[in-house]
Amino acid sequence: MSEIITSALEKYIEVHTAAVDAHLAELDRETHIKVMMPNMLSGKVQGKFLEMISHMIAPEYILEIGTFTGYSGICLAKGLVAGGKITTIDINEELRGMVERYISLEGMQDRFDLRSGDATQIIPTLENTFDLVFIDADKTNYMQYFDLVIDKVRPGGWILADNVLWSGKVLEEKKDKDTQAICAYNDKIQADPRVDNVIISIRDGISIARKIG
């Protein structure tokens with residue numbers, strides 16, 4: 001895998017990023033101790049980025065596709081307006097208890113709508129118009145998730161997608177299935193006239209798309 005940003009620079013960035021609250025720090029630690037593939041957790045820098053984006057947008061409704069242990073959802077929820085709600089979907093129900101515990105510790109029970117199951121089946125049933133969507137689930141379905149949410153995003157709303165640099169594999173000639181899916185997603189967003197877009201190189205790359213109109 002290619003090194004996008006050197007470990008020394010990553011450490012410098014982390015040191016110069018505001019500290020997270022105690023519950024998020026404990027969630028990070030518990031995820032790394034108890035959960036398989038803990039690198040899926042957003043972590044301090046990306047989490048703070050998501051929190052700041054949410055504060056900038058001041059969303060009423062957020063949709064997150066891929067809850068994992070709840071770290072990114074909690075960060076996003078910090079920017080919700082009073083009475084706002086984040087709907088977060090994950091296919092792995094085994095982590096739900098852990099997610100609920102940390103949401104409770106943060107005092108955010110009223111902000112979360114937790115859904116367990118296949119996001120491709122759940123998204124069409126959602127009635128809210130979303131101000132912000134964060135896609136961070138199985139890579140092979142990224143394009144389908146975008147297609148399912150684009151009409152549920154308000155004009156001027158935002159769609160973020162994680163892991164769009166895929167550890168630099170997007171530049172490799174021989175691409176595995178997930179890398180092909182990420183490249184196809186990036187190409188799709190670049191060509192879609194309904195959105196304005198940019199990729200930023202935070203952690204493993206985040207695609208930011210703003211719905212035009």
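Visitor: Which residues are buried in H2?

Guide: This is a predicted model. In H2, the buried residues are Leu24, Leu27, Glu30 and Thr31.

Visitor: What arc do they cover around the axis?

Guide: They cover an arc of only 125 degrees, which puts them on the same side of H2. Here is the general idea. An α-helix has 3.6 residues a turn, so residues three or four places apart point the same way.

Visitor: Which exposed residues does the face turned away carry?

Guide: That face of H2 carries Ala22, Arg29 and Ile33, which are exposed.

Visitor: What do the buried residues of H2 pack against?

Guide: They pack against H4 and helix H5 (96–105).

Visitor: What span should helix H2 have?

Guide: Count 1.5 Å a residue.

Visitor: Which residue caps the N-terminal end of H2?

Guide: Asp21 does. One of its side-chain oxygens lies 3.1 Å from the backbone nitrogen of His23.

Visitor: Now to H4. Is Leu76 buried or exposed?

Guide: Leu76 sits in helix H4, residues 71–77. Buried means under 20% relative accessible area. Leu76 has 0% relative accessibility, so it counts as buried.

Visitor: Which residues is Leu76 in contact with, leaving aside neighbours within four places in sequence?

Guide: Leu76 touches Leu50, Ser54, Ile62, Glu64, Ile86, Leu132 and Phe134. Take Ser54. Ser54 and Leu76 are 22 residues apart in sequence. In space, their C-alpha atoms are 5.6 Å apart.

Conventions. Residues are numbered from 1 along each chain as its sequence is written. This is a predicted model: local features need pLDDT of at least 70, side-chain atom pairs count only at pLDDT 80 or more; totals for chains, interfaces and linings use all residues. Side-chain values use heavy atoms; hydrogens and water are left out. Helices (H or I, at least four residues) and strands (E, at least two) are DSSP runs, numbered from the N terminus. Buried means under 20% relative accessible area, exposed over 50%, partly exposed in between (1.4 Å probe, protein chains only). Contact means heavy atoms within 4.5 Å. The expected span of a helix is 1.5 Å times one less than its number of residues. The arc is that of the directions from the helix axis to the C-beta atoms. A polar contact is a pair of N or O atoms within 3.5 Å; within protein, one must be able to donate a hydrogen and the other to accept it, and residues adjacent in sequence count only if both atoms are side-chain atoms.
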